[in-house]
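Colleague: I have a few minutes before my next meeting. Could you put the model up and talk me through it?

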Amino acid sequence: MASQSQGIQQLLQAEKRAAEKVAEARKRKNRRLKQYRMQREKEFKTKEAAALGSHGNSAVEVDKETVGKMGSIQTSYQRNREGVLGNLLKMVCDIKPEIHANYRFAG
């Protein structure tokens with residue numbers, strides 16, 4: 001009976017050691033995968049930077065150009081606003097009733 005419980009103890013210890021080894025192997029695998037992903041990401045960033053070149057600079061230039069155009073549009077709006085509103089009101093208020101050229105008398 002004592003040898004049987006000793007055998008069970010040995011099996012339990014062996015199972016525990018095997019579980020520890022499996023856990024350690026999983027940890028190593030995860031570390032390798034993480035390292036591999038980081039390496040691939042670094043390579044991708046390098047290739048992306050090479051492919052895009054100075055794309056960041058052109059984006060800044062486009063932003064500056066956009067701000068400049070928006071400023072000129074705003075200035076033009078302020079300068080022409082009153083004249084356009086006056087013309088619009090004059091066209092709406094000064095009505096000259098006329099028969100349309102395409103109108104045909106029935107009969």
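Colleague: Is Arg40 buried, partly exposed or exposed?

Modeller: Arg40 counts as partly exposed, at 46% relative accessibility, where buried means under 20% relative accessible area, exposed means over 50% and partly exposed lies in between, with a 1.4 Å probe and protein chains only. This is a predicted model, in which local features need pLDDT of at least 70 and side-chain atom pairs count only at pLDDT 80 or more, while totals for chains, interfaces and linings use all residues. Residues are numbered from 1 along each chain as its sequence is written, and side-chain values use heavy atoms, with hydrogens and water left out.

Colleague: And which side chain does Arg40 meet in a salt bridge?

Modeller: Arg40 meets Glu43, at 3.4 Å from N to O, a salt bridge being a side-chain nitrogen of Lys or Arg within 4 Å of a carboxyl oxygen of Asp or Glu. The two are separated by about one helical turn, because they are 3 residues apart in helix H1; helices here are DSSP runs of H or I with at least four residues, strands are runs of E with at least two, and both are numbered from the N terminus. Glu43 is partly exposed as well, at 33%.

Colleague: How many salt bridges does the whole structure have?

Modeller: The search finds 4, including the pair of Lys69 and Glu65, whose closest N and O atoms are 3.5 Å apart. Lys69 and Glu65 both lie in helix H2, 4 residues apart, which is about one turn of the helix. Another one joins Glu24 and Arg31 at 3.8 Å.

Colleague: Changing topic, what is the overall fold like, in helices and strands?

Modeller: The chain has 2 helices and 0 strands, and its C-alpha trace spans about 125 × 50 × 25 Å along the principal axes. Its radius of gyration is 41 Å, whereas a compact globule of 107 residues would have one near 13 Å; the radius is taken over C-alpha atoms, and the globule rule is 2.2 Å times the number of residues to the power 0.38.

Colleague: What share of the residues is buried?

Modeller: Buried residues make up 0% of the 107 residues in the chain.

Colleague: Which residues form the nonpolar patch on the surface?

Modeller: Leu85, Leu88 and Val92 form it, patches being made of residues with over 30% relative accessible area and no salt bridge, with like charges joined within 9 Å and nonpolar side chains (Val, Leu, Ile, Met, Phe, Trp, Tyr) within 5 Å. Val92 is found in helix H2, residues 55–93, and is exposed at 53%.

Conventions
Accessible areas come from the Shrake-Rupley method with a 1.4 Å probe; for residues, only the protein chains shown count as cover.
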